[in-house]
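Please have the sequence and the model open while reading.

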Amino acid sequence: MNAAQKPSTDPTPDSGGVVSPVHVAIIMDGNGRWAKARGLRRTDGHREGVEAARRAVEAAQDLGLKYLTLYSFSTENWRRPAGEIRDLMGLLKQFIVDDLPRLKKEGVRVRIIGDKVNLAPDVSALVQRAESETRENQKFVLQIAFNYGGRDEILRAAKAAISAIQDGDLQLEDVNESLFSSYLDTGDTPDPDLVIRTSGEKRISNFLIWQAAYAEYVFTDVLWPDFNAEIFAKAIEEFNNRERRYGGVAGKTG
Ligand code: IPE
Ligand code: IPE
Ligand code: MG
């Protein structure tokens with residue numbers, strides 16, 4: 001097993017050997033189609049999508065997960081119409097303003113992954129506030145992938161590592177998968193065990209392309225605004241019935 005794969009699943013002593021995911025990452029897709037099917041505006045779909053995200057955060061904790069990563073805005077989503085982008089930014093800001101006090105009280109640490117350098121000042125200030133006010137929380141980690149692209153993240157990490165080498169703070173010989181992972185936005189977060197994508201699309205759309213190298217995938221036709229605890233539990237059940245081999249042989253982990 002390669003250390004850089006950082007598997008987060010370990011059979012717990014009382015689980016009878018059944019392994020449950022520790023980190024689930026979700027590609028929340030289908031808000032637009034959900035709205036269209038009801039004759040509503042895409043933004044109405046995104047608003048319902050925020051409600052589904054709230055349900056997912058609660059359900060993740062009830063299901064015993066330790067980390068949840070939600071893909072909320074990709075580096076490619078800037079290609080959308082300006083009005084939709086404005087609404088999506090507004091919803092993220094509103095989510096932080098409305099939910100931060102509760103998340104803080106519940107012991108949830110909020111981390112934002114993605115390129116934070118080019119965000120609008122008001123968005124950037126809220127993102128910083130959410131991270132700094134919950135930094136000490138340890139019960140659960142909510143990672144929001146915002147202005148996030150896997151290729152962009154890997155490029156930024158590569159540039160940061162090269163710059164550390166040029167400054168003499170890092171030796172080229174010491175660069176391995178595990179060290180390189182620490183330069184990614186996810187830092188020491190364990191790799192996702194399970195990636196769920198809603199809405200029937202079967203692609204990863206530039207999401208956690210390094211970290212999810214050995215993740216299991218569950219695709220569901222449910223549109224994101226209809227996502228709930230029951231669907232979440234079913235995806236986890238499907239994960240629990242999979243056999244992860246990491247390139248090895250069935251049934252042998254050593
Ligand atoms: C997911 O829903 C939300 C974001 C990508 C921001 P979409 O907006 O992609 O919904 P569809 O895929 O058009 O239905
Ligand atoms: C992926 O969904 C991005 C998010 C869920 C934030 P998209 O709807 O943008 O992905 P594509 O365009 O269908 O691949
Ligand atoms: Mg989509």
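## Basis

This is a predicted model, in which local features need pLDDT of at least 70 and side-chain atom pairs count only at pLDDT 80 or more, while totals for chains, interfaces and linings use all residues. Residues are numbered from 1 along each chain as its sequence is written, chains are lettered from A and ligands numbered from 1 in the order in which they are written, and side-chain values use heavy atoms, without hydrogens and water.

## Helix α7

Helices (H or I, at least four residues) and strands (E, at least two) are DSSP runs, numbered from the N terminus. Helix α7 comprises 12 residues, 229–240, and its end C-alpha atoms are 16 Å apart.

I231, F232, A235, I236 and F239 of α7 are buried (under 20% relative accessible area, with exposed meaning over 50% and partly exposed in between; 1.4 Å probe, protein chains only). They line one face of the helix, because down its axis they fall within an arc of 140 degrees, based on directions from the helix axis to the C-beta atoms. The face turned away from them carries exposed E230, K234 and E237.

Most residues other than glycine have a negative phi. N206 counts as buried at 14% relative accessibility, as does L208 at 2%.

Technical notes: The expected span of a helix is 1.5 Å times one less than its number of residues.
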